[in-house]
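The following report sets out the architecture and selected side-chain interactions of one protein chain. Please consult the sequence and the structure alongside the text.

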Amino acid sequence: MGFFSDLKNDLAQAVTEMTDEKAKEEMLAEEERLKKELSEAEENSDLFSILEEVEELEEINEEVAVNDATFSMPNMETTPTGQSEGVIENGSLEIAGTIFGNLIIPGRVTLCGEMHGNIQAEEVILRSAKVDGDIICSKSIEMDHASMVIGNIIGTGAVIAGALKGDVDVDGPVVLESTAIIQGNMKANSVQMNSGAVIEGMISQCYAGVSPRTFFDGMNQERR
C-alpha cells in the first residue's frame, strides 16, 4: 500500500506542477497582451494629441484677428483668373499683418497692414495701410493720412486723407482731407475738398440731385 500511496502522491505533485506551469504561461501571455494594449493605447493617445494640435492650428488659421503676421485667407478658392479668394461668412475682420488674395466679408474690415488683392466689405477702415487692389463697399470707406491705395474705390461714402492712385466712384459724399493726394477721376454726389488736398483728374458730381447738363439744356430750350 505504501508503494501505491507514494505513486499517488507523486502523480498529484506532477499534476500540481503542470497546472502551476500552465497558469504561469497563461499569466505571462496575459501580461504580454496587456503590455501590447497599453502600447497601442499610448500610440492612439499620441495620434489623438496630434489631431488635436492640427485642429487647433486650423482654428488659429480661421481667426479673424491677425497680428504681425503674413496671413493667407482661410477657405481660399482659386478663381478662373488664377487668383486666390477668401470668403468669411460672418463678422468683421481686423488685420495688422499682410494678406495675399481677394477678401469678401459682410462686415467691417479694419486694415493696419498690407493687402495684395481686392477688398469687398460693408465698410473699410485703413490705418497706416497699403492696399494694392480695388476696394468695394456697400457703405463707407475711410483712410488716414498714412494709408495708400493703388486701385479703385467704390462705395456710398468716403473720407480720404491718404494717397490714392485710381478712380473714385461714390454715390454719396466724399471728403478730401488736407493731406489727400489723388491721381484719378472722381464721381460722387458731393465733394468737400479741404485746403491742401491735391487731385489730378476729373471730378463729376453725377450722383447729385441736380444735373448741370439738364439745367443748361433746359435754359437753351427756353431761349428758343
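## Strand pairing

Two strands are taken as paired if DSSP finds at least two bridges between them. The model discussed here is predicted. Strand 6, which covers residues 108–111, pairs in the parallel sense with strand 4, residues 93–100, over three bridges. Strand 6 and strand 9 also pair in the parallel sense, over four bridges.

Val-109 illustrates both pairings. In strand 6, Val-109 is the bridge partner of Leu-93. Val-109 also stands opposite Val-124 in strand 9.

## Overall composition

The secondary structure of the protein consists of two helices and 23 strands. The protein has 224 residues, of which 28% count as buried. Among its contacts with a separation of 6 or more, 8% join residues 24 or more positions apart.

## The nonpolar core

The largest nonpolar core contains 33 residues. Strand 4 gives the most to this core, with three residues. The residues with the most contacts inside the core are Val-124, Leu-126, Val-131, Ile-135, Ile-160, Val-174 and Leu-176.

When neighbours within four places in sequence are left aside, Ile-135 is in contact with Ile-119, Val-124, Leu-126, Ile-141, Val-149, Asn-152, Ile-153 and Ile-154. Two of these partners, Val-124 and Leu-126, are also named among the residues with the most contacts inside the core.

Glu-123 is found in strand 9, which spans residues 123–126. Is Glu-123 buried or exposed? Its relative accessibility is 18%, and it counts as buried because the limit for that class is under 20%. The side chain of Glu-123 makes a polar contact with the side chain of Arg-108 at 3.5 Å. Beyond residues up to four places away in sequence, Glu-123 touches Gly-107, Arg-108, Val-109, Cys-137 and Ser-140.

Ser-147 lies in the loop between strand 12 and strand 13, the latter covering residues 148–150. Ser-147 is buried, with a relative accessible area of 2%. Its side chain makes a polar contact with the side chain of Asp-144 at 2.6 Å. Apart from neighbours within four places in sequence, Ser-147 is in contact with Leu-126, Arg-127, Ser-128, Ala-129, Gly-162 and Ala-163.

## Salt bridges

Side chains of opposite charge can pair when their charged atoms come close. How many salt bridges does a search of the whole structure find? The search finds four. One of them joins the side chains of Lys-139 and Glu-122, with an N to O distance of 3.3 Å. Lys-139 lies in the loop between strand 11 (135–137) and strand 12 (140–143), and Glu-122 in the loop between strand 8 (119–121) and strand 9, so this pair ties together parts that are 17 residues apart in sequence. Both partners are partly exposed, Lys-139 with a relative accessible area of 44% and Glu-122 with one of 27%.

Another salt bridge links Arg-127 with Glu-142, the closest N and O atoms being 3.1 Å apart. The pair links distant parts of the chain, with Arg-127 in the loop between strand 9 and strand 10 (130–132) and Glu-142 in strand 12, 15 residues apart. Arg-127 is partly exposed at 32% relative accessible area, and Glu-142 is partly exposed at 31%. A further salt bridge is formed by Lys-187 and Asp-169, where the closest N and O atoms are 3.8 Å apart. Lys-187 belongs to strand 20 (residues 186–187) and Asp-169 to strand 17 (residues 168–170), so the pair ties together parts that are 18 residues apart in sequence. Lys-187 counts as partly exposed at 35% relative accessibility, and Asp-169 is partly exposed with a relative accessible area of 24%.

## Cysteines and disulfides

A disulfide is a covalent bond between the sulfur atoms of two cysteines. How many disulfides are counted when the two sulfur atoms must lie within 2.5 Å? The count comes to zero disulfides by this rule.

Cys-112 counts as partly exposed at 40% relative accessibility, and Cys-206 is partly exposed with a relative accessible area of 42%. Another cysteine, Cys-137, is among the residues that Glu-123 touches.

Technical notes
Residues numbered from 1 in each chain as written. Predicted model: local features only at pLDDT ≥ 70, side-chain atom pairs only at ≥ 80, totals over all residues. Heavy atoms only, no water. Disulfide = S-S within 2.5 Å. Buried < 20%, exposed > 50% of the residue type's maximum accessible area, 1.4 Å probe, protein only. Polar contact = N/O pair within 3.5 Å; in protein donor to acceptor, adjacent residues only side chain to side chain. Contact = heavy atoms within 4.5 Å. Core = buried A, V, L, I, M, F, W, Y, C linked by side-chain atoms within 4.5 Å.
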